[in-house]
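I opened this entry to keep a record of what I looked up, element by element and then residue by residue. The notes follow in the order in which I checked them.

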Amino acid sequence: MNTNKIYLVGFMGAGKSTVARALGRRLGWRIEDIDEVVEARERATVSEIFAARGEPYFRLAEREALRRLLPLEHVVVATGGGTYADPENRRVINSDGAAIWLDLPWTAAIGRVPADGRRPLASDRAQFAALYHSRRQAYQQAHLRLDATSPVEELVERILDWLGY
Ligand code: S3P
């Protein structure tokens, strides 16, 4: 496992971007966020991309964003909630770095992710629940699982300990 690169994976609302920032600061590493890479390249927000071009287009852009980050080292990557659910992305991530699953309990997921339209796949609550349950099997393939409800600083310490930093 390559410990020079960390991928944070997990469901919407797990705190992937927040933990990536805190971890990047501690390690002095660069931080990348797949959603932000997609938004910058498309010059549109994730919800605009879903509305104008549909989910399949977003998934292609997401895969391309992941590919563009492959040459980087000493970087913490915050993935989108669906990035690691894709088998090919999962294979790429697991061989390119250390995949850490921020596991968010269901009750916390509903509380943390409002159906406000900012996340297109959170508006329909039945679909949101189905996604939550169907993706757990994928997230389980990460190298490490942590409880996403732990305080951010504790998560950072656990990750640093686990990596031996
Ligand atoms: C998605 C999660 C979002 C974003 C998009 C799709 C998903 O990222 O990539 O709305 O499929 O779970 P966050 O997990 O950062 O909210």
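I began with the buried side of α7, keeping in mind that the model is a predicted one, and I found F128, A129, L131, Y132, R135, A138 and Y139 buried in this helix. An α-helix has 3.6 residues a turn, so residues three or four places apart point the same way. I then asked what covers the buried residues of α7. The cover includes the strands β1 (5-9) and β4 (98-103) together with the helices α4 (55-69), α5 (87-96) and α6 (106-112).

I next checked the length of α7, which runs over residues 125-139. Its 15 residues should span 21 Å at 1.5 Å a residue, and because the end C-alpha atoms are 20 Å apart, I noted that the two values agree. At the start of the helix I found a side-chain oxygen of D124 within 3.0 Å of the backbone nitrogen of A126.

Next came a helix pair. Two packed helices are described by the angle between their axes and the distance between the axes. For α3 (residues 46-53) against α4 I noted an angle of about 130 degrees and an axis separation of 7 Å, which makes α3 oblique to α4. I listed V46, I49, F50 and R53 on the α3 side, meeting E55, Y57, F58 and R59 on the α4 side. Sorted by kind, the residues of this contact comprise five nonpolar and three charged, with no polar ones.

I then turned to the loop between β3 (75-78) and α5, where I looked up T79 and T83. Is T79 buried or exposed? I count T79 as buried, because its relative accessibility is 3%, below the 20% cut-off.

I found its side chain in polar contact with the side chain of E62 at 2.8 Å, while the backbone nitrogen of G80 lies 2.9 Å from a polar atom of the T83 side chain. Leaving out residues up to four places away in sequence, T83 touches I34, R59, E62, L66, N89 and I93.

I moved on to V37 in helix α2 (residues 34-42), which I recorded as buried at a relative accessible area of 15%. Which residues does V37 touch, not counting those up to four places away in sequence? They are E32, A65 and L69. I also noted that the C-alpha atoms of V37 and L66 are separated by 8.7 Å, although these residues stand 29 residues apart along the chain.

Last, I went through backbone angles. Most residues other than glycine have a negative phi. Against that background I marked R43, which is not a glycine and yet has a positive phi of about 50 degrees; R43 sits in the loop between α2 and α3 and is exposed, with a relative accessible area of 76%.

How values were computed. Residues are numbered from 1 along each chain as its sequence is written. This is a predicted model: local features need pLDDT of at least 70, side-chain atom pairs count only at pLDDT 80 or more; totals for chains, interfaces and linings use all residues. Side-chain values use heavy atoms; hydrogens and water are left out. Helices (H or I, at least four residues) and strands (E, at least two) are DSSP runs, numbered from the N terminus. The expected span of a helix is 1.5 Å times one less than its number of residues. Buried means under 20% relative accessible area, exposed over 50%, partly exposed in between (1.4 Å probe, protein chains only). Contact means heavy atoms within 4.5 Å. A polar contact is a pair of N or O atoms within 3.5 Å; within protein, one must be able to donate a hydrogen and the other to accept it, and residues adjacent in sequence count only if both atoms are side-chain atoms. Axes are lines fitted to C-alpha atoms, for helices over the stretch in contact, and angles run from 0 to 180 degrees between N-to-C directions. Angles under 35 degrees count as roughly parallel, over 145 as roughly antiparallel, 65 to 115 as roughly perpendicular and the rest as oblique. Ala, Val, Leu, Ile, Met, Phe, Trp, Tyr, Cys and Pro count as nonpolar, Asp, Glu, Lys and Arg as charged, and the others, Gly among them, as polar.
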